[in-house]
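Please look through the structure shown here, moving from the ligand to the core and then to the strands.

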Amino acid sequence: MAGKRSKSSDRWLRRQQKDHFVRAAHAQGQVSRAHFKLVEIDQKYKLLAGNARILELGAAPGGWTNYLEGKLSNKGALIAVDPLPITAGVHTEVLVGLAGDEEVDKEIDRLAAELDGLTLVLSDMAPNISGIRAVDQARAMELADVARMAAAKWLVTGGHLAIKAFQGEGLDEWVAQTRQCFKKVVITKPKSSRTESREVFVVAKGFSGVRDAFNDLV
Ligand SMILES: C[S@@+](CC[C@H](N)C(=O)[O-])C[C@H]1O[C@@H](n2cnc3c(N)ncnc32)[C@H](O)[C@@H]1O
C-alpha cells in the first residue's frame with residue numbers, strides 16, 4: 001500500500017514538475033538536472049578540451065559524467081568517483097567509494113600517474129543534509145577541502161578545478177586561500193541552480209603547481 005506523502009514532499013514534487021530544468025532533463029534524456037549546471041559553467045569558463053584528463057568527484061547518478069563523456073575525444077580520460085551507482089560509459093574509470101578515503105585515493109593516484117597527471121578536477125560532491133545549517137555548511141566545506149587536496153595532488157601545472165560549494169561560513173576564506181595557488185578564482189551561480197538555494201560553484205583556473213600549499217589548512 002502506498003504511504004501518505006508529507007506536505008513538504010508534495011511541495012517538492014510540485015516544484016520538480018514545474019521546474020524548467022527538470023522538464024528539460026527528462027525531455028533530453030539527461031540523467032539529472034545537474035547536467036545543465038556543468039554545461040553553463042563549461043560554456044562560460046571553457047574548462048573542457050577533447051583531450052582533457054578529468055577527475056569527477058561526486059559523480060552519481062551520472063548527469064555530469066554523461067556530458068563529459070560526450071565532450072571527450074579518444075585522447076581524453078575520465079575517472080568518476082562516488083559511493084552511489086554512476087551511469088557511465090565503458091571508457092570511464094568508475095571508482096566506488098568516498099574521495100578522501102585512503103583506498104580510493106590510492107586508486108586515483110595510480111590512474112592519475114598512468115595519465116601523467118590530470119588537467120581538470122570537478123566536484124559536485126554534497127554532504128547528507130542534517131537540516132542543521134552550521135553542521136551542513138561545515139560538512140560542505142570539508143568536501144571542498146577534499147576536492148582542493150585532490151587538485152593539489154593530481155593536477156598538472158596550469159590545470160583547473162571547479163567545485164560545488166554553499167554560500168556561508170568559511171567559503172570566502174576558502175576562496176582567498178585557493179587564489180594563492182590558482183591564477184583566477186571566481187564564484188559563479190548558474191541559471192540552472194535554484195535561486196533559493198545557497199549553492200554556488202567555485203571555478204579556479206591555472207594551478208601554480210605548488211602541491212603542498214593546502215596541507216596545513218585541512
Ligand atoms: C549532487 S550529487 C552529484 C550529481 C552528479 N554531478 C550528476 O550530475 O548526476 C552529489 C553526490 O556527491 C556524492 N558524495 C558525497 N561525498 C562524497 C565523497 N567524499 N566522495 C565521492 N562522492 C561523494 C554523493 O554520494 C552524491 O551522489
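## From the ligand shell to the central strands

In this predicted model, the residues of the shell around the ligand divide into 16 nonpolar, six polar and two charged. Of the 24 residues in that shell, the ones that come nearest to the ligand are Ala34, Gly58, Gly63, Ala99 and Asp124.

Nonpolar side chains tend to be buried together in soluble globular proteins. Here the largest nonpolar core has 52 residues, of which Ile54, Leu55, Val121, Ala147 and Ala150 touch the most other members. Helix α6 gives the most to this core, with nine residues. For Leu55, once its neighbours within four places in sequence are left aside, the contacts are Ile79, Ile108, Leu118, Val121, Ala150 and Trp154.

Strand β4 (residues 118–123) is largely enclosed by the rest of the structure, because six of its six residues are buried. Strand β1 (residues 53–57) runs parallel to β4 and is joined to it by four bridges, and within this pairing Glu56 has Leu122 of β4 as its bridge partner. Strand β5 (residues 155–166) also runs parallel to β4, to which five bridges join it, and in β5 the residue opposite Leu120 is His160.

Definitions and conventions: Residues are numbered from 1 along each chain as its sequence is written. This is a predicted model: local features need pLDDT of at least 70, side-chain atom pairs count only at pLDDT 80 or more; totals for chains, interfaces and linings use all residues. A residue is near a molecule or strand if its C-beta atom, placed from the backbone, lies within 6 Å of it. Ala, Val, Leu, Ile, Met, Phe, Trp, Tyr, Cys and Pro count as nonpolar, Asp, Glu, Lys and Arg as charged, and the others, Gly among them, as polar. A nonpolar core is a set of buried Ala, Val, Leu, Ile, Met, Phe, Trp, Tyr and Cys residues joined through C-beta atoms within 7 Å. A residue is buried if 20 or more other C-beta atoms lie within 10 Å of its own, exposed if 12 or fewer, and partly exposed in between; C-beta atoms are placed from the backbone. Helices (H or I, at least four residues) and strands (E, at least two) are DSSP runs, numbered from the N terminus. Two residues are in contact if their C-beta atoms, placed from the backbone, lie within 7 Å. Two strands pair if DSSP finds at least two bridges between them.
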